Amino acid sequence: MKDLLRIAIQKSGRLREGSLDLLKESGLSISNGRDQLKTQASNFPVEVLFLRDDDIPQYIEDEVADVGIVGENVFVEKQRKNTLIRKLDFAKCRLSIAVPRTENFTGVFWLSGKNIATSYPVIVQHFLDKHGVQAGIHEISGSVEIAPGIGLADAICDIVSTGSTLLSNGLKEVEVVMQSEAVLIANPELQYEKQRILDSLLFRIEAVNSARNNKYILLNCPDSAIEKITSVIPGMKSPTIMPLARKGWSSLHSVVNENDFWEKIGQLKSFGAEGILVIPIEKMIA
Ligand code: PRT
Ligand code: ZN
């Protein structure tokens, strides 16, 4: 039988859609019924396994799966024989300590002798050790944010995204323990053939993620502004410049990063750019 790379993704929850989207945008044709446990891509040597996110690191260590997509928080907490291959730029969040809003939190030492409720005991213990603080850790698996309100703990350590869950439970975020996002993890000792499949998948993921982070930009500008504009949007190698029918003007095509997009648009306009078009990129290969 030909080798397949077995990729474990979350069966249901916050990572499921982002994981499936990434695989599909990488050109894998996969059918994904809600109740399916596994499915094979019809056009790429990959089998997708749908599992609980917490179980994925162990399945990879046990070689039931070869690679997987989990939150970095789960990867770090589980301490399994997994290698972090790359960050995937979605499901961004942070793991933070929060205390009741009315507490006068004075710094990490405030936690000394207190009780912290969390689903991440390993990460919290590491954080406390790093700061030389001794505190109790109370491991609970869900609804961590209600623990202080019912007298189960003095503080919590949980995932925060917008912060609204903390707010509605009368808590305030006081220390960020780690930043997290979805990550691709793998068994550190993949067979040669599986590693080759992973390498070609990674090439595609790279192209998808670069495309997501960049936009194609076209604009018209007076020839005298070309140099300044090129310094703002240098593109992949350098911009394409084509003369307009109108004398003294050119059309300039380049690529701009999503993150500094608005700031750059402002600069371009101030240099005399007009008729600016911004277009999504489907795939981008350097
Ligand atoms: O069933 P299974 O075990 O597979 O799923 P799960 O319930 O353990 O995980 P799930 O789907 O909730 O989250 C999967 C991963 O998504 C986490 O491990 C994180 O890496 C990432 N992620 C990103 C989040 C959030 N954002 C998030 N907001 N995980 C959880 N939350 C929860 C958080 O626990 C809190 O209850 O959302 C609430 C906070 O959100 P805000 O926006 O109110 O701050
Ligand atoms: Zn989970």
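Author: The site of the zinc ion (ligand 2) is irregular, with angles of 73 to 172° among its four donor atoms. Donors here are N, O and S atoms within 2.8 Å of the metal (3.2 Å for Na, K and Ca), and sites may look incomplete because water is not among the atoms. For orientation, ideal angles at a metal are 109.5 degrees for four tetrahedral donors, and 90 or 180 degrees for six octahedral ones.

This is a predicted model, in which local features need pLDDT of at least 70 and side-chain atom pairs count only at pLDDT 80 or more, while totals for chains, interfaces and linings use all residues. Residues are numbered from 1 along each chain as its sequence is written, chains are lettered from A and ligands numbered from 1 in the order in which they are written, and side-chain values use heavy atoms, with hydrogens and water left out.

The zinc ion is coordinated by Asp53 and Asp54 through OD atoms, at 1.9 to 2.1 Å. Asp53 counts as buried because its relative accessibility is 17%, and Asp54 counts as partly exposed because its value is 26%. In these terms, buried means under 20% relative accessible area, exposed over 50%, and partly exposed in between (1.4 Å probe, protein chains only).

Asp54 also belongs to the surroundings of ligand 1: 21 residues surround this ligand, and the closest are Asp54, Asn73, Thr162, Gly163 and Thr165. A residue counts as near a molecule or strand if one of its heavy atoms lies within 4 Å of it. A polar side-chain atom of Thr162 lies 2.6 Å from an oxygen atom of ligand 1. From Ser161, a backbone N or O atom is 2.8 Å from an oxygen atom of the ligand, and from Arg52 an N or O atom in the side chain is 2.9 Å from an oxygen atom of ligand 1.

The wider setting is given by the domains. The assignment, whose bounds come from an automatic or database source, divides the protein chain into domain 1 (5–90 + 181–211), domain 2 (93–179) and domain 3 (214–280). The centres of domain 1 and domain 3, taken over C-alpha atoms, are separated by 38 Å.

Helix H1 spans residues 16–25, and its buried residues are Arg16, Gly18, Ser19, Leu20, Leu22 and Leu23. Helices (H or I, at least four residues) and strands (E, at least two) are DSSP runs, numbered from the N terminus. The buried residues of H1 pack against strand E1 (5–10), strand E3 (46–51), strand E4 (67–71) and helix H6 (192–213). After H1 comes Gly27, with a positive phi near 90°.

Thr39 is found in strand E2 (residues 38–40) and counts as buried, at 7% relative accessibility. A polar atom of the Thr39 side chain lies 3.3 Å from the backbone oxygen of Ser31. Beyond its neighbours within four places in sequence, Thr39 is in contact (heavy atoms within 4.5 Å) with Ile30, Ser31, Val46, Glu47, Val48 and Phe50.

Two loop residues deserve mention. Glu63, in the loop between helix H2 (56–61) and E4, has a positive phi of about 65° although it is not a glycine, and Glu63 is exposed, with a relative accessible area of 52%. Asp89, in the loop between strand E5 (83–87) and strand E6 (93–100), has a positive phi near 70° and counts as partly exposed at 34%.

Asn214 lies in strand E12 (residues 214–222) and counts as buried at 10% relative accessibility. The Asn214 side chain reaches the backbone oxygen of Ser210 at 2.8 Å. Apart from residues up to four places away in sequence, Asn214 touches Val255, Val256, Asn257, Glu258, Ile281 and Met284. Ile241, in strand E13 (residues 240–243), is partly exposed at 40%, and its C-alpha atom is separated by 57 Å from that of Val144.

Definitions and conventions: Polar contact = N/O pair within 3.5 Å; in protein donor to acceptor, adjacent residues only side chain to side chain. Tetrahedral: all angles 85-135°; square planar, octahedral: opposite > 155°, others 65-115°.
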